[in-house]
Amino acid sequence: MEHDGQLQLYAAVAVQLKEAHARVRALQVPEGVRMALTRKLLVITAVAKHDLADAARRLERFTTDLDEGRLPEEER
């Protein structure tokens, strides 16, 4: 039963990551900001390989920040 929950969480995180990447690509922001956001998503993806629950929390925070317009500063 627990295995089914992990699979569902994995599938949900995968879908949310795909949606987050699409949102970042669609943003009208400087390239440095886009790179910083993409880097954050890559970190979340790496975390998902070791700690799926933590990755889900990080992704939720990332999505909330995007929704509320909190973007990182442009990288140089």
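In the predicted model described here, the buried residues of helix α3 include L52, D54, A55, A56, L59, F62 and L66, where buried means under 20% relative accessible area, exposed over 50% and partly exposed in between, with a 1.4 Å probe and protein chains only. Helices (H or I, at least four residues) and strands (E, at least two) are DSSP runs, numbered from the N terminus. Because the model is predicted, local features need pLDDT of at least 70 and side-chain atom pairs count only at pLDDT 80 or more, while totals for chains, interfaces and linings use all residues. Residues are numbered from 1 along each chain as its sequence is written, and side-chain values use heavy atoms, with hydrogens and water left out.

Helix α3 has 16 residues and spans 22 Å from its first C-alpha to its last, close to the 22 Å expected at 1.5 Å a residue; the expected span is 1.5 Å times one less than the number of residues. T64 is located in α3 and is partly exposed, with a relative accessible area of 27%. Between T64 and V33 there are 31 residues in sequence and 17 Å in space, C-alpha to C-alpha. Just after α3, G69 takes a positive phi of about 75 degrees.

Helix α2 has 18 residues and reaches 26 Å from its first C-alpha to its last, close to the 26 Å expected at 1.5 Å a residue. Its buried residues are G32, V33, R34, A36, L37, L41, I44, V47 and A48.

The largest nonpolar core has 17 residues, of which L41, I44, L59 and F62 touch the most other members. Such a core is a set of buried Ala, Val, Leu, Ile, Met, Phe, Trp, Tyr and Cys residues joined through side-chain atoms within 4.5 Å. At least two residues of this core come from each of α1 (2–26), α2 (31–48) and α3 (52–67). Neighbours within four places in sequence aside, F62 is in contact (heavy atoms within 4.5 Å) with A20, V24, L37, K40, L41 and I44.

Over the chain, there are three helices and zero strands, and the elements run α-α-α from the N terminus on. The C-alpha atoms fill a box of roughly 45 × 20 × 15 Å along the principal axes. Of the 76 residues in the chain, 29% are buried. Among contacts between residues at least 6 apart in sequence, 65% join residues at least 24 apart.
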